[in-house]
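Dear colleague,

Here is the structure I promised to pass on to you, with its sequence alongside. Please open it before reading further, as the notes below are meant to be followed with the model on screen.

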Amino acid sequence: HDTSPKLWWQECSDPENDTFEYHLNVGTLSGVWDILSDFVTTSNYTYLTDLNFGENNTTQTYYVAMYTEDSYGAKSTISLYNFTLINNPPIVNVTSPLNGSVFVYGDPIYFNVSAYDIDGDGPLYIAWYSNISGYLGDWWEFSSNLPVGKHKITLYAWDPYNATTQYSVFIIVSLDTDDDGIADVLDNDDDNDGMPDKWEQEYGLNITDGSDASEDNDHDGLSNLLEYLNGTDPLDDDSDDDGMDDGFELSHGFDPLDPKDAFEDWDMDGLSNVEEYEYGTDPRSNDTDSDNMPDYWEIKYGLDPSQNDSMLDPDNDGILNIDEYRFNTCPDKNDSDNDGMPDTWELEYGLDPMQNDAYDDTDNDGIKNIDEYRNGTSPLMPNKADGTSKTSGSNALLYLAVVIVVVAIGYLLIRRVFLGP
């Protein structure tokens with residue numbers, strides 16, 4: 001196409017030896033001779049003007065019609081044929097950027113291309129464009145910074161006859177929020193806080209703010225990072241809905257995703273784990289405050305299982321809480337068995353403060369225990385009905401005898417010291 005086209009045809013003869021001419025017609029459409037219509041006397045023809053390549057600048061088909069006509073106007077039949085003029089576009093090789101590449105915003109992006117003109121019909125021209133930034137330049141090799149976004153980079157290469165090649169690559173320019181050298185679109189943890197972006201987005205956290213790793217959005221005692229590491233819900237303080245918040249379960253070795261452990265009693269103190277949670281006691285210890293009174297017993301009688309109250313006497317019966325526990329009496333009332341006799345009095349005389357023994361007669365003196373208490377007498381020593389001891393006379397004689405013996409021994413000792421043997 002870069003030289004003037006030349007047409008050849010077989011030479012004709014006239015049977016009558018009349019002179020004749022060749023009638024040559026050339027056009028871009030059959031029957032439309034918009035390129036050439038001329039009379040030629042030779043069997044070849046050189047078209048002195050370069051033919052163009054049509055609207056697409058790459059190929060163009062031309063139609064040729066030829067007949068002969070003698071000097072008397074006699075014409076031959078028309079011969080038709082066509083030919084195609086080809087202009088090949090440049091072949092390009094973009095070595096950078098590669099399709100699908102991801103770049104960190106602010107880093108230079110290198111552009112490089114080589115091209116080959118298969119027709120050799122002149123110098124090649126190029127231009128780079130971005131769908132976001134527009135025209136980038138017409139250099140074969142250069143670098144540039146591009147804004148954040150998904151860029152379609154298009155290279156145009158063409159020859160002097162406008163045969164053009166278009167080549168596109170798609171690249172992404174992304175922020176690097178945590179400055180770890182990995183673009184956010186490739187970094188599954190943009191803020192480098194230990195929680196993947198997908199998980200943070202699922203629970204409404206901020207993928208570009210690392211400080212939310214230490215926050216506790218559901219107030220269960222677990223940071224968002226610990227929620228992620230343990231597979232719990234950072235927006236639900238009780239992920240398994242068993243009545244114990246996630247932080248409590250994890251701090252005591254329970255499974256915050258298994259509701260069955262709520263009804264277990266790991267310390268065997270009579271309280272289920274969920275009850276321990278509700279009362280604020282330690283599910284791993286049957287005596288949370290280490291006061292030697294089990295949690296269950298303290299809770300049963302309204303004491304504080306998280307505070308050492310073993311030396312208190314809330315029912316003012318003279319028996320400390322720790323002794324109430326040891327004696328199995330009630331620390332919240334001074335008459336555990338409601339038999340009208342205080343625990344202290346019953347314990348003093350060996351009665352059962354948890355058993356109604358008010359109408360028993362322990363010393364078989366005909367006086368019931370309750371009356372012994374009311375009379376101020378001992379339920380273990382027989383007494384008269386009037387409240388005096390049946391053995392009071394004999395006891396006096398015994399006392400008098402003991403006194404006499406002591407006085408006699410004292411007299412003998414004194415006499416020995418002062419008078420000698």
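What follows is a short account of the pockets, the cysteines and the strand pairing.

Please keep in mind throughout that this is a predicted model.

By residue class, the lining of the largest pocket divides into seven nonpolar and five polar residues, with no charged ones.

The second largest pocket has a volume of about 160 Å³, and its lining is made up of Cys 12, Ser 13, Asp 14, Pro 15, Phe 20, Thr 68, Glu 69, Asp 70, Ala 74, Lys 75 and Ser 76. Strand 5 provides the largest share of this lining, with three residues. Here the residues divide into four nonpolar, three polar and four charged.

Four strands form an open sheet in the order 3-2-5-6, with antiparallel pairing. Its edge strands are strand 3 (36-40) and strand 6, each of which pairs on one side only, and the twist from one strand to the next averages 20 degrees. Within this sheet, strand 2 (residues 20-27) runs antiparallel to strand 3 and is joined to it by five bridges; Leu 24 has Asp 38 in strand 3 as its bridge partner.

Another open sheet consists of three strands in the order 7-9-12, and the pairing is again antiparallel. Strand 7 (91-96) and strand 12 (141-144) are the edge strands, each pairing on one side only, while neighbouring strands of this sheet are turned by 25 degrees against each other on average, direction ignored. Strand 7 pairs with strand 9 (residues 109-116) in the antiparallel sense over five bridges, and Asn 93 stands opposite Ser 114 in strand 9.

Strand 14 (residues 164-174) deserves a look of its own. Strand 8 (residues 102-104) pairs with strand 14 in the parallel sense over three bridges, and the bridge partner of Phe 103 in strand 14 is Val 173. Strand 13 (residues 149-158), by contrast, runs antiparallel to strand 14 and is joined to it by ten bridges, with Lys 152 having Phe 170 of strand 14 as its bridge partner. In the hairpin of strand 13 and strand 14 there are five residues between the strands, and Asn 162 takes a positive phi near 70 degrees.

With best regards

Key. Residues numbered from 1 in each chain as written. Predicted model: local features only at pLDDT ≥ 70, side-chain atom pairs only at ≥ 80, totals over all residues. Heavy atoms only, no water. Nonpolar A, V, L, I, M, F, W, Y, C, P; charged D, E, K, R; others polar. 1 Å grid on protein atoms, 1.4 Å probe; cavity = no way out; pocket = protein on both sides within 12 Å on 5 of 7 lines; lining within 4 Å. Points joined across faces, edges and corners; volume = space filled by probe spheres on them. Helix = DSSP H or I, 4+ residues; strand = E, 2+ residues; numbered from the N terminus. Pairing = 2+ DSSP bridges. Axes fitted to C-alpha atoms, helices over the stretch in contact; angles between N-to-C directions.
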